[in-house]
Amino acid sequence: MSIYLLQVINGIGIGMLYFLLAVGLSIVFGLLRFVNFAHGAFYLLGAYFCFQMMRWGLSFWLALAVVPLVVGALGWLTEKLVLRHVYAKAHEFHILVTVGLALVIQELVILQWGPLGENVPVPDMLQGVVMWGGFVYPKYRLFVIGFTAVLALGLWYVLEGTRLGSAVRAGSESTEMVSLLGIDVFRIFSLVFALGAATAAIAGVLAAPMRGAEPFMGIEALGVAFVVVVVGGMGSFSGALIGGLLIGVVQSVMSTVWAEGARLMIYVAMAAVLLLRPHGLLGRKG
Amino acid sequence: MTTQAFLLEALGIEKRYDKFVALAGVDLRVRANTVHSVIGPNGAGKTTLFHMLTGTKHVSGGRIVFDGHDVTREPDHRRVQRGMARSFQVTSLFPTLPVRENLRLAAQGTRPRQAFDAWHPPVGARARDEAVARVLARLGLERHADTPASNLSHGQQRRLEVGMALAAGPKAIFLDEPTSGMGIDDLDDMKRLIQGLKDEHTVVLIEHNMNIVMDISDTVTVMQQGRVLAEGHPHAIRNDDRVRSAYLGNMITGGGAAS
Amino acid sequence: MNTAMTTKTTTPLRRHFHLLLALAVVLAMPLTMQSGSLASEVLIYGLAAMGCNLLLGHTGLLSFGQGIFFGLGSYTIALTLTRWPLPMPLALALAIGMGALGAALVGWVAIRQRGTYFVMLTLAFAQMFYFIAYSMPGLTGGDNGLMDIPRPSLAVGKVTLWPLASPWQYYGFVAMVFLVAFWLLQRVSASIFGRTLLAVRDNEERAGAIGYDLRLLKLQAFVISGAVTGLAGALHAMMTGIAPLANAEYHTSEMILVMTVIGGTGNLLASLLGSAFYLLVGDWLSTLWPRWLLILGVVLMVVSLGLQRGLWGLGESAWNRLTGRRRAGDDAASQGGRA
């Protein structure tokens, strides 16, 4: 019994990371009507920048604070310099330009750090396990769950409680309306895209001590983000949360039953959701 | 007046988008070989009604009978084979393809199984040349047969819009604001085009141009806020108080020879 | 509607010309290249890119799932030639069939969505197939793939018609298959079906409104694309002797897409240009700089940002400038309708 409980908790941990991955993608799509195929590459950068900073002897906490800002800035630049030019074009070009970007980023990573991947140490403070009655669990994973929960709350607050958030939500419905209201829609675009990149980077930083940094992790992350968004519903914050948790738990529990099939199961779950509820669990129709 | 049979009967048509009720129970009966106009202020639900009639979208309630068949559940491509064809309020052509090809595709749409033929090119009998040529002549677009649709002028595009519906050789042709955005010169051409359709087709028309509506319609249905407000001959509608107040009185002018 | 990433209707004269060009390329490669394997690869991936082009240029469907069909083709030929040895032509036919079947399944689900949602689905399915292949080592060899795939000579009974042992001998076979497949694809492109696909790409709503069953049309496009890509996968596996897991990886789908886009989606032959560019430049650059994919990523971005008609379009523009032909505005004005 307790091994399943353990896996469920692991699943929640992974699920929160998946949520983080997916929510940036979802928000960017909701506002920009743009699926960023370089999203996984920002995740990748997050992991590697974290690795590099720790290699320089800096603390994990500093990395956690700085890396998202750096990657967010990169996202901001990308939107301004590159993406602006493709908005008017057909959606194939949006996708292809970000695919190209993802490839460039991946190759730069390999160029800089080699193709084999690196280990990232767990920060000292979070090493070891927590013991609570008969319950034993790695400290770091608990931290991840807690931290992402706080982040989720923060994001929720930004979206629901601030003017920026309202503008984003309104802009998701209609960009013309928002610009008619005097808000510079393009400025919001850059900010939102940067936010999306930053959340992906945070996910990368958090994931790095758990699984290391490896050049092809971006592609897998992209696939998972897509699954979560499809399951949870495109453009929905709570969909990303529920979808992420669901997928994380499914994967985790499956890994005790059928190890190689664990990753496969999340895609099977996706296919099932698609057949039964094409717009995702919490997605809007159309 | 000779009573012709009803080609189209739509009864109790409802359409809801979540909480918003676009159509709250609309009845529409159209007689064969007539021009039946649907008018009304913006937001009345005219285009939504068209979507329901032609199958572009599904009804939330009600029944549609066309040519004796219940087509309520049938999607648009099925209704085309029944003999219903429509044009769109916002020009919706195949922009990179030449005019001739646009029409050929529309003509072929009535035999959609041929579209799966991955071996034969559309030449000879398969090219529907006569149908296309006839429509080209009717539209007056012969000279532009090989021009890509996106290169036509707005008026020519609106005519091609009507042509796309015509090419299917339909029994009933649904025109959604065919003259929208047209200049004066093009308007007369369009009016004559629509008037000429009556002999071989039944025309259901959404229009804001009252000149055309009053001049060529046999029946006018006035809609407001998802319901039918009034229905009758053009002159009756012109003098109807309810209709006047719906339009704030001063928009129903025109109509050449008064009743 | 962006007209850049679009296939134009071609005239019979143009199609014959393209077929001759293809023949010329096929004959030129043995005379100018050292490696028979590389030459075969150009044709094999050219086929795969054409399959992708049928979806992208003709139908407006951007599919990240081509690796699925490529992988299915590889695995099928491997299994049918090693485990239950079947005559090679039959094995090849089965591989084509499996590619088509896989495409039918993926297409049936993915086509329910449109636009970017559709694209995401194809990527997710590609990942799914990858993990299926990974987790069934009994069937696919898992991480190692299937190996020792023979390359049986073409024979009737005991009489050997065409030995396929050496790279250039195999190239001859691949070239034959390529030309036949290209000719068939040309027919599809020029057929009523192909022309209807163009309408679907141009304006889906209208195509549906005038009577076409969009789902079935797209599905048929998928099936044809899957068949061609499966064929490519099978030929590749026979050439290398292995059916690796990598054939089902994201990178394969990405590579095929990149070749298609860089070549240009204006016509089928452009896909051969794309595969030739990718493989030949890659072969040359990779000896100089192992991370040459970086340049490719940049090229992809450049093409998406500005050079949307791909290399073929670039060549066309250069040719027109040379011959002094001025094409005002839309190129399609001089196309189609002139039988």
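Just after helix H1 of chain B, B:Gly55 takes a positive phi of about 90°. Helices (H or I, at least four residues) and strands (E, at least two) are DSSP runs, numbered from the N terminus. This is a predicted model, where local features need pLDDT of at least 70 and side-chain atom pairs count only at pLDDT 80 or more, while totals for chains, interfaces and linings use all residues. Residues are numbered from 1 along each chain as its sequence is written, and chains are lettered from A and ligands numbered from 1 in the order in which they are written.

H1(B) itself spans residues 46–54 and is mostly covered, with eight of its nine residues buried. Buried here means 20 or more other C-beta atoms within 10 Å of the residue's own, with C-beta atoms placed from the backbone; 12 or fewer is exposed, and in between is partly exposed. Among the buried ones are B:Leu49, B:Phe50, B:Met52 and B:Leu53, and B:Lys46 and B:His51 are buried too.

What does this helix sit on? Chain B has an open sheet of six strands, ordered E6-E7-E8-E3-E9-E10, with mixed pairing. Strands count as paired if DSSP finds at least two bridges between them. E6(B) (84–86) and E10(B) (227–232) stand at the edges with a single partner strand each, so one side of each has no neighbour in the sheet. From one strand to the next, the twist averages 20°. H1(B) packs on the sheet by touching E3, E6, E7 (172–176), E8 and E9 (219–224) of chain B, and its direction makes about 150° with that of E7(B). Inside the sheet, E3(B) (35–39) and E8(B) (202–206) pair in the parallel sense over four bridges; in E8(B), B:Val204 is the bridge partner of B:His36.

Axes are lines fitted to C-alpha atoms, for helices over the stretch in contact, and angles run from 0 to 180 degrees between N-to-C directions.

| Helix pair | Angle | Axes |
|---|---|---|
| H3(B) (99–108) and H5(B) (154–166) | about 30° | 8 Å apart |
| H4(C) (88–110) and H5(C) (115–134) | roughly 140° | within 10 Å |

Angles under 35 degrees count as roughly parallel, over 145 as roughly antiparallel, 65 to 115 as roughly perpendicular and the rest as oblique. H3(B) and H5(B) are therefore roughly parallel, and H4(C) and H5(C) are therefore oblique. H3(B) passes H5(B) in a right-handed crossing, and the crossing of H4(C) and H5(C) is right-handed; right-handed means the near helix is turned clockwise from the far one by less than a right angle, left-handed anticlockwise.

Contact means C-beta atoms, placed from the backbone, within 7 Å. B:Val99, B:Asn102, B:Leu103 and B:Ala106 of H3(B) meet B:Leu160, B:Gly163 and B:Met164 of H5(B), a set with five nonpolar, two polar and no charged residues. Here Ala, Val, Leu, Ile, Met, Phe, Trp, Tyr, Cys and Pro count as nonpolar, Asp, Glu, Lys and Arg as charged, and the others, Gly among them, as polar.

Now for the chains. Between C and A, 34 residues of chain C are in contact with 36 of chain A. H5(C) gives the most to that side of chain C, with twelve residues. By class, the side has 22 nonpolar, nine polar and three charged residues.

How values were computed:
Two residues are in contact if their C-beta atoms, placed from the backbone, lie within 7 Å.
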